[in-house]
Amino acid sequence: MQIPPYLVNEHYGDRYFDVVNAIEEARHIFFQGSALADILSDPRRGPKEFRIGETGFGAGRVLIALLDYLDRSGVRDLAVTYNSVELHPVSAERMGSILGGFKQGFGPLIDVLVSAYGRLDIATPGWRRIQLTRPFGALNLNLWVGEALEMVRALTAPCDAWFLDGHGPKTNPDIWREELLLAIGDKTVAGGTCATYTVAAVVRHGLSAAGFSVSQRPGFGGKKAVLGGIKR
Ligand SMILES: C[S@@+](CC[C@H](N)C(=O)[O-])C[C@H]1O[C@@H](n2cnc3c(N)ncnc32)[C@H](O)[C@@H]1O
């Protein structure tokens, strides 16, 4: 299949995501990988708040998949804080093109996100915020324009789950560097989770050193295995 140029992040020479099954891929790797369904249905959970961290906002595909997943989950009155970061923000127009491949099933969600994103100042470093009211409750997107370590350090509360989606370690070793993974570990609640598509040794060891017990799970779409972790 010919890959349209807008799907390739020119800074890394890598695609933003799997072009064919991007939404299912996000569900498998990140939501199942962080046991989201179990966490959200756990009656011992106190206030209905859930904090997620993501490295690599890209075109917001994981966020679209998450909103769709939560909208259909039957969960109500949930406040989700979604802390993400992007060093090379795409324009709203390009975001629309990148997400255009799944406009059919997710058109209204994509329109809402692209339109809100289009009003953000993505040229100036620092936090940008989007608030959405959804059937499941509230989504508070905190998007840090800048480098991932700065974002993690700027978090004032630890996350319940981390979605690590910043290109693979060969393509982008920076996003897997020890200092950053340690900071992510520090900003994770005990029993919190992390999930990613790469099972590379440097990532397994880095996450382990950051306090996560990591394990491999079956992969998705031709990938043999993916990685999940629980904060010890
Ligand atoms: C695989 S893409 C993310 C895809 C995105 N989660 C989505 O679903 O659309 C990885 C993203 O991480 C960003 N990135 C890479 N290194 C970064 C860093 N050090 N700090 C912040 N963002 C970074 C890239 O520019 C790219 O947009």
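**The pocket and its ligand**

Guide: Keeping in mind that this is a predicted model, we can begin with the lining of the largest pocket, which by class has 17 nonpolar, 12 polar and 11 charged residues.

Visitor: What volume does the largest pocket have?

Guide: The largest pocket has a volume of about 760 Å³, and of the 40 residues that line it, the closest to its centre are D14, R15, D165, H167 and Y197.

Visitor: Which elements give two or more residues to that lining?

Guide: Those elements are β2 (14-15), α1 (22-32), α3 (61-71) and β4 (78-86), and α1 gives the most, with 3 residues.

Visitor: Switching to the ligand, where does it sit?

Guide: The ligand sits in the largest pocket, and of the 24 residues around the ligand, G56, E86, E147, D165 and N172 come nearest.

Visitor: How do the residues of that shell divide?

Guide: The shell around the ligand divides into 10 nonpolar, 9 polar and 5 charged residues, with α3 and β4 each supplying at least two of its residues.

Visitor: And what lies 2.6 Å from a nitrogen atom of the ligand?

Guide: That is a polar side-chain atom of D165, while an N or O atom in the side chain of Y12 is 3.1 Å from a nitrogen atom of the ligand, and L87 places a backbone N or O atom 3.2 Å from a ligand nitrogen.

Visitor: How much of the ligand does the protein bury?

Guide: Taken alone, the ligand exposes 600 Å², and the protein buries 99% of that.

Methods: Residues numbered from 1 in each chain as written. Predicted model: local features only at pLDDT ≥ 70, side-chain atom pairs only at ≥ 80, totals over all residues. Heavy atoms only, no water. 1 Å grid on protein atoms, 1.4 Å probe; cavity = no way out; pocket = protein on both sides within 12 Å on 5 of 7 lines; lining within 4 Å. Points joined across faces, edges and corners; volume = space filled by probe spheres on them. Helix = DSSP H or I, 4+ residues; strand = E, 2+ residues; numbered from the N terminus. Nonpolar A, V, L, I, M, F, W, Y, C, P; charged D, E, K, R; others polar. Near = heavy atom within 4 Å. Polar contact = N/O pair within 3.5 Å; in protein donor to acceptor, adjacent residues only side chain to side chain. Areas by Shrake-Rupley, 256 points an atom, 1.4 Å probe, with all protein chains shown as cover. Sits in = over half its atoms within 2 Å of the grid points.
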